[in-house]
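Hi,

Here is the structure I promised to pass on to you. Have a look at it first, and then read my notes below.

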Amino acid sequence: TGWARRAAALAAAPGWRDSIPRAAVTGFQARTERDSFYPMEVAATAAEVASLRASGRPLMVWPEDRIRPIRMTHTLPLLWVAAGAAPANGSAYRGEALRGEFFTFQIGAYAPQTSLALHVRWTELRGRRTGGVIGAARLRCINQPSSSAAARDGLHVAVGAVLPLWIGVDVPSDAPADSYRGAVLVSAAWAESGASDESVAVELAVGEDRAVEAGDGEPWRHSRLRWLDSTAGAEEEEAPEQPQPAEECDAGEDGCVQLQRREDAVVLIAPGQRQIALSAHGLPASLKVGSAELLASPVELRLRDGKHDLKLLPLEPRLVAERGPGGSVSWRLLARAHSASATALHVRLSGSFANDGLAEMAAELHVSRRLSPSGSSVNLSDVRLELPLLEAMVPLINGFDVKGGSRPAEVRWRWDKAQSTQDHAQRGLNCRVWLGSAAAGLQLNLQGGGEAAAAVASSCGNDEDGRLQCGDVSDAQFNAALGSREWYNSNRGGATVLPDTTGDHPPAVRLSVHTGELPPLRPGERLRLHWRLLLTPVRGAGGPVRADFATRYFHMQRHIDLGEALDTSPTRPWIILHQGNPLIPYINYPFIDLQPLRRYVRDAHAAGAKVKLYYTVRELSSRAVELWALRALGSEVLISSRGKAAGHAWLREHLRANYTAAWHEVLTDGEVDAAVQTPAFTSRWDNYWIEGILWLVRNIGIDGIYLDGAPYERTVLRRLRRALAAERRGRRGDPFLLDLHASCAGNPHLPYMELYPYLDSIWFGEQCEYRTFSPPMWLAEVSGVPFGLGSELLGDNSDQWQGLVHGMTCRIYPDPWKCNPRPLWAALDAMGMLRPRLLGWWDPACPVSLLAPTVEYGHGGGRGPAAVASVFIGDGAAGSPPRFAVAVANWADHPVEVRIRANYSALAALGLRSERKLRLRAREIDGFQSEAHWALGDAIRLEEKGG
């Protein structure tokens, strides 16, 4: 342009600067305080930093108050440089603390000459006047948790970088008011075997006032950083001095696994009628849910040496079973392979059965040095785990690259096969499968023992294009966390579900997983193969299925007055406050400006309603007060990016690097909530999350949590439930509800099934192509019936007929009228169907059936009846017979005519007694159906699916 040409010509002239007017800088302004760079992001110049480096000191430290979190890690702030560096061991920090406060401050450690490995130590703090003592055990470095790799190997600081060290002091609530003095020592080591120490004198003035809950109600204090090290709800892992006999059972409220010794088996029974009988070989000979047996014959572990199976001979007289933590029972058995080529091969079978119905098992292969003096290796061509399952008990499948639905005649799965249900980065997620029915089933999970911890340590992150990147792409986070290196075996492993024609037993299918040829196992080496079995349903096994139409959710994303939310149902609803709502605007950080939320919860309770909050992990609002302290922990809590900075401008300008951008949302005030990713599985952030929920229960009075995805190890929700039970002990009222939402991408149940014993309901939507799902797909992929959980639909009213036959209605979200179950709720109320018994179309005991044409289902669902029917049985009033309702749904894309047939004897057994031919009445339900009457057996016209 002309302006650019004139500017270029001016700049090319000698002395051009002297020929134009000069402007004076009078100040810097930021749009908001949050956008300001002052003071901790105003960098010193290169020359100013160089003047400090000229001292030659390998380590320099600056104490800093918590109200000014250290933000820059790539250079020094002008604030420090302008004040100058204290002489060696001359730094000092002075602060004021409350009694009972978890007091925090920072030490900025700078490596001017070379990369350093830092260790942090400290002394006790002793009162200057009273002689009182704050013991050294009450101090900690948040960056360096006890027994961690950071504590063992040191904290790495690159040359020219700054590492913020966060120090916490747990001030006793009864500490005398005084000035307490001590020191923090930062020790540095570097590659040339050099070492240096910097001591920071600490003086803490403790006043007379006491902190409330250690200061947690005032986020600026950063006292919540101690939540990272919380053990709330943890079970005692240490064995008691006098081990409790396994036959005895005393696990308190959670119940425990019962143990019965029989002549040929050890029988373990978990609460909820889930039972494992172990054979003398240490593997299940029976798997029962209620009275339903799943196994056609005992489970087998088969080791092959070329073309021959190795026979395993027990080396112990009997299976050893012991009582474990949390009411569990563990067992073990040592065996030796009987083979001319593998005489030195030992196999230790071990397992545990928890009171939530999960069995964790392993086979450890070990070549004995003593029995192999020549040092010969053992070569195994395959290791197979085989579960022969009764065909009639496993009509449904979910996993091994098969969408939930009817089980195909054959399933063949490979780890790295091109899969339709999982992308490459998540292929490990599919190393599990569920087989079963609405009455009984099991999930087999091949997840390795240390895979989740390895995923967190792998420093996976998203590049600027959103792709998950790690040091090795095959170890992408979900794959590493949910896969198994041993079963994977460089993609030699796999799995099948095939008809079982071996043995003398009823028709069966054989679920088999295999390793393929293993690398030679040398003397002294060990190979450990893990697997887990979860028996389903997780609650209600052996009893009648009940639909929950009484728990009604009003899911509020944008703000809606409490009165409108209350009007959604004559029975007071559970109100879910979604992130982005003005009451909790910041994703997964519901701790800022809480007075409006506190008032809302109080008013909802006064009106008889309950309130749940959106709060999970996976991503974290950049508004979190502890954001800078969390970034100081490296990639432990914030996932580092391997690419350039991305996401919202605030992230690019302030965080700059070592983060991965996540959810962004424009709030009602026009501001943006920009989030960053946090890692899935086994992070200390899970500890913070548990403590955060407990704090919200105590201080806000919330009634539940809505989980948008749940990237947790099972132990996290197990801990949460235990901690909530202790927190709420003695309180009356409704239970604390945990509600899970997930998309239908892949197999939605698979990543979460082991969490189901601790959840109350599921809500699968987003990417759920409901209209393409066959009835078996609805049952296995969307509904919670086979797993003992209530469930709901996400979307509009077009799928409410298909949902109803599975005991589901749609949830009001996000538009209060797009999904409108209110008329259907009113009809269910009028019929007394709040929590009716459900005899679904899949249940042989269902007393009605349909005469309906056959149609081709979409999405590979095969052929089947165009319509199905389920029966609901409501509890009648005192002294009155039960009430019956029939729900029918059409799966055809065109209207069909059906006829309802009834089994009178079955109806009579269920409490319906009538000497006359039954008649059917359809109530008028707005947006659902018109009023009509029929005699049983009359033709009934059903509109097309979704009509």
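**A covered helix to start with**

Helix H14, which runs over residues 775-782, is mostly covered: 8 of its 8 residues are buried. The buried residues are Pro 775, Pro 776, Met 777, Trp 778, Leu 779, Ala 780, Glu 781 and Val 782. Please keep in mind as you read that this is a predicted model.

**The chain as a whole**

Let's step back from that helix. The protein chain holds 17 helices and 53 strands. Along its principal axes, the C-alpha trace spans about 105 × 80 × 70 Å.

How does the radius of gyration compare with that of a compact globule? For 947 residues a compact globule would come out near 30 Å, and the protein chain has 32 Å, so the two agree.

A few other totals for your notebook:

- Of the 947 residues, 55% count as buried.
- The protein chain exposes about 40,300 Å², and carbon and sulfur atoms supply 50% of that.
- Take the contacts between residues at least 6 apart in sequence: 69% of them join residues at least 24 apart.
- There are 102 positive and 107 negative charges, and their mean positions are 1 Å apart.

**Domains**

- domain 1: 32-229
- domain 2: 261-451 + 459-536
- domain 3: 549-618 + 683-767
- domain 4: 619-679

Look at domain 3 and domain 4 together. Their centres, taken over C-alpha atoms, are separated by 23 Å. Where they meet, 17 residues of domain 3 are in contact with 21 residues of domain 4.

Start with Leu 737, which sits in strand E41 (residues 737-742). Is Leu 737 buried or exposed? Its relative accessible area is 10%, under the 20% cut-off, so Leu 737 is buried. Leaving aside neighbours within four places in sequence, Leu 737 is in contact with Thr 551, Tyr 553, Trp 574, Lys 612, Asp 703, Gly 704, Ile 705, Arg 721 and Asp 760.

Next comes Leu 527 in strand E33. Leu 527 is buried too, with a relative accessible area of 16%. Not counting residues up to four places away in sequence, Leu 527 touches Ala 363, Glu 364, Leu 365, Glu 486, Leu 518 and Leu 521. Between Leu 527 and Asp 309 there are 18 Å from C-alpha to C-alpha, and the two are 218 residues apart in sequence.

Then there is Asn 143, in the loop between strand E7 (139-141) and helix H4 (149-153). At 5% relative accessibility, Asn 143 counts as buried. Which residues does Asn 143 contact, leaving aside its neighbours within four places in sequence? They are Ala 150, Leu 155, Leu 163, Pro 164, Leu 165, Trp 166, Ala 632 and Leu 633. Trp 166 is 23 residues from Asn 143 in sequence and 6.5 Å from it in space, C-alpha to C-alpha.

A bit of background first: most residues other than glycine have a negative phi, and most peptide bonds are trans. Here are some exceptions to look up.

Phe 400 has a phi near 50 degrees, which is positive, and it is not a glycine. You'll find Phe 400 in the loop between strand E24 (396-399) and strand E25 (402-406). Asn 588 has a positive phi as well, near 60 degrees, and lies in the loop between strand E35 (574-577) and helix H9 (595-606). Phe 400 counts as buried at 2% relative accessibility, and Asn 588 counts as buried at 2%.

Now for the peptide bonds. Which residues does a cis bond join, with omega about -5 degrees? Tyr 38 and Pro 39. Pro 39 is in the loop between helix H1 (2-12) and helix H2 (46-53). The bond from Thr 536 to Pro 537 is also cis, with omega near 0 degrees. Pro 537 is in the loop between strand E33 (526-536) and strand E34 (553-556).

Notes. Residues numbered from 1 in each chain as written. Predicted model: local features only at pLDDT ≥ 70, side-chain atom pairs only at ≥ 80, totals over all residues. Heavy atoms only, no water. Helix = DSSP H or I, 4+ residues; strand = E, 2+ residues; numbered from the N terminus. Rg over C-alpha atoms; globule rule 2.2 N^0.38 Å. Buried < 20%, exposed > 50% of the residue type's maximum accessible area, 1.4 Å probe, protein only. Contact = heavy atoms within 4.5 Å. Areas by Shrake-Rupley, 256 points an atom, 1.4 Å probe, with all protein chains shown as cover. Lys, Arg positive; Asp, Glu negative; His and termini not counted. Charge placed at Lys NZ, Arg CZ, Asp CG, Glu CD. Domains from an automatic or database assignment.
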